[in-house]
There are 2 protein chains.
Amino acid sequence: MRFLHTADWHIGKTLNDFSLLDDQLATFKQIEAIAKDRQVDAIVIAGDLYDRSVPNEAAVKLLNQLLQELNLADHFPLLAISGNHDSAARLSTGTDWFAYQSFFLNTNINDAFTPVTIKDTQFFLLPFFGIQEVRNYFNDDKIKNVNDAMARITTEMGKHFDPDKRHVLVAHFFAAGSKRTADSETLIEVGGLSAVTTDVLAPFDYVALGHLHNRNALNDKKVKYSGSPMKFSVSEAKQEKGVWIVDTAPFKAEWVPLSPVHDIHLLKGRFAELATKPEEALREDFYDIELTDQERIPDVLNKLREYYPKIVSLHRTHQAKQVQLNLSKKRAQESPLDLLTDFYSQTMGNDLTDRQKKWAEKALTQIMKGEE
Amino acid sequence: MRFLHTADWHIGKTLNDFSLLDDQLATFKQIEAIAKDRQVDAIVIAGDLYDRSVPNEAAVKLLNQLLQELNLADHFPLLAISGNHDSAARLSTGTDWFAYQSFFLNTNINDAFTPVTIKDTQFFLLPFFGIQEVRNYFNDDKIKNVNDAMARITTEMGKHFDPDKRHVLVAHFFAAGSKRTADSETLIEVGGLSAVTTDVLAPFDYVALGHLHNRNALNDKKVKYSGSPMKFSVSEAKQEKGVWIVDTAPFKAEWVPLSPVHDIHLLKGRFAELATKPEEALREDFYDIELTDQERIPDVLNKLREYYPKIVSLHRTHQAKQVQLNLSKKRAQESPLDLLTDFYSQTMGNDLTDRQKKWAEKALTQIMKGEE
């Protein structure tokens, strides 16, 4: 059989203040076209369908629309799991109904040991898990780390292997040996207790992973990250995005690249050099700018925005700390306030007033301080 | 045909600080038993499935479980709409898949004019709507109020009437002539621009309404509120809760009462009289207490809690203002903090620390002050 492997859609993600929903829809259309063109028998989505546990309404509508299109309109069987960015409980809404239409979405470790069989292949759908869930499942407190946990899980899955079938694991975790990308995952200890070593995954013919956004983070013939379908941060600016087309017999994994809808560019130079309009096609792209000027340029961010409306970060080679800090401080504050504002308007039915927003910002700043 | 009419489940609602999830599940079991016993052909749920636009994870799981049980396990066709407490976008997740299993959930006015036919009856599922949505749908800015809107809607629905069928409207609004109950709906203007007069609803053989929690709020032979299946506030303490069993031919609407799992009791008397344990079966019930003592009793709320662990409100006949105000002030503050705490733990994955909670409380108090 042949399937398409994608992951980390992060529907609803923003790049600083900029919504990516339109780009996410356009990127999805590329994935859909590839699936049709290559006549795949199923589509695997290895976790982080949403960017947040409580996605906003626009994100909920878009993801629902995309899944509807692939599954009910195009009739592709879907094999999906929840990632660490998803709320398993929220994402699980409707799963019992989905299964009647060959859309298999697993958000619960208890259901990871019942494979879904499509043609010659058994798919084991393992959602993102915490170690305690695995301890509970096996009633074994001696499981110390995620690698122990994964060893127990694969052994248990092995008991359900049909020897006449191929065996594919769909999972969402950090695989040891992979390089960490700075922005995509902040809670990972590299090579530490939270990594799974690839030897544990040897029983599978293929492991379709989600979690890391760079498909080159891991270099293994049968254990692969698809990476995210789009660049979601400046640290991903130089990555090629795409999907895997996997044939099970004979085994073959082929990389099919996706084109950026609005790319992220890293610019470095003097203000005088950079203060020129990019060609029309690149004007709505995202820009990370490093200014090499020695002298202070008043209101430089707004001046640059005339040329590059979507600046996501601005650094200065020579006065680095100051400007950069201001931006990243702003970013750190904006995100929870944005969440709270969103949350308030959705639960209360009206927006925070400016005065309320000021108070909320103050409170959140204090909360974040209190965290350290 | 025969169907069961219920509404206003408000899954996830709390009575002050007390979760009602267990009571909601137990009440659901009664509804399910009635549906089986009376062998209904369908179950109508007329809006407000959730209590909030962003329900917490436990509420999401419970509603999903209840609908799964009725539809996929018991094989009842379901006919449901979103109410004003639901987020239409969030609730709509999965609807396209639900429809394959005869679970018809409409959250969009655009889909209200395509009836669902079951046996001899056409059901028109009209979600809660804002007037602007109706103006947009008919491209008519002259629609002034909800009654105008509803007149346009029923005329349009009439065009899709099959004359050989019965016609049932499922809707969620305030019907003129109904009495307002104090706590259940706070945004309603009685008899004002936001009420629908029952003459507009004449074309239908039955109108299954949700919105008001008291089925006696309206007294009409064919336009009925089912009310909520449980008492959700002290103002509902004396209401009988239940469901309608409706036969279409010959027409008959029969009221079937539900038993309170934990009832709400209104007590009035002197402290010395009330300070006595209720019988065991009533101990976990909810209590609204009015104290008639003239003299001040120190720490009276905690003293009373020894006898009635679930006091939801406490008044004093003679020093009314003081105590009552403290409680209601507390309640007004608790609810947003509860929301924020919930929100934080779900999005951040861990609870607010006590210090963070203190800051959040302070900020929210200021926000609420800013509202006035």
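Two strands are said to pair if DSSP finds at least two bridges between them; helices (H or I, at least four residues) and strands (E, at least two) are DSSP runs, numbered from the N terminus. This is a predicted model, in which local features need pLDDT of at least 70 and side-chain atom pairs count only at pLDDT 80 or more. Residues are numbered from 1 along each chain as its sequence is written, and chains are lettered from A in the order in which they are written.

In chain B, 6 strands form an open sheet of mixed pairing, in the order E6-E5-E4-E1-E12-E13. Strand E6 (103-106) and strand E13 (251-257) of chain B each have a single partner strand, so one side of each is left without a neighbour in the sheet. Neighbouring strands are turned by 20° against each other on average, direction ignored; axes are lines fitted to C-alpha atoms, for helices over the stretch in contact, and angles run from 0 to 180 degrees between N-to-C directions.

Helix H2 (residues 57-73) of chain B lies across E4, E5 and E6 of chain B, at about 145° to E5(B). Helix H1 (residues 21-37) of chain B contains Phe28(B). At 2% relative accessibility, Phe28(B) counts as buried (under 20% relative accessible area, 1.4 Å probe, protein chains only). Leaving aside residues up to four places away in sequence, Phe28(B) touches Trp9(B), Leu66(B), Glu69(B) and Leu70(B), contact meaning heavy atoms within 4.5 Å.

Technical notes:
Side-chain values use heavy atoms; hydrogens and water are left out. Buried means under 20% relative accessible area, exposed over 50%, partly exposed in between (1.4 Å probe, protein chains only).
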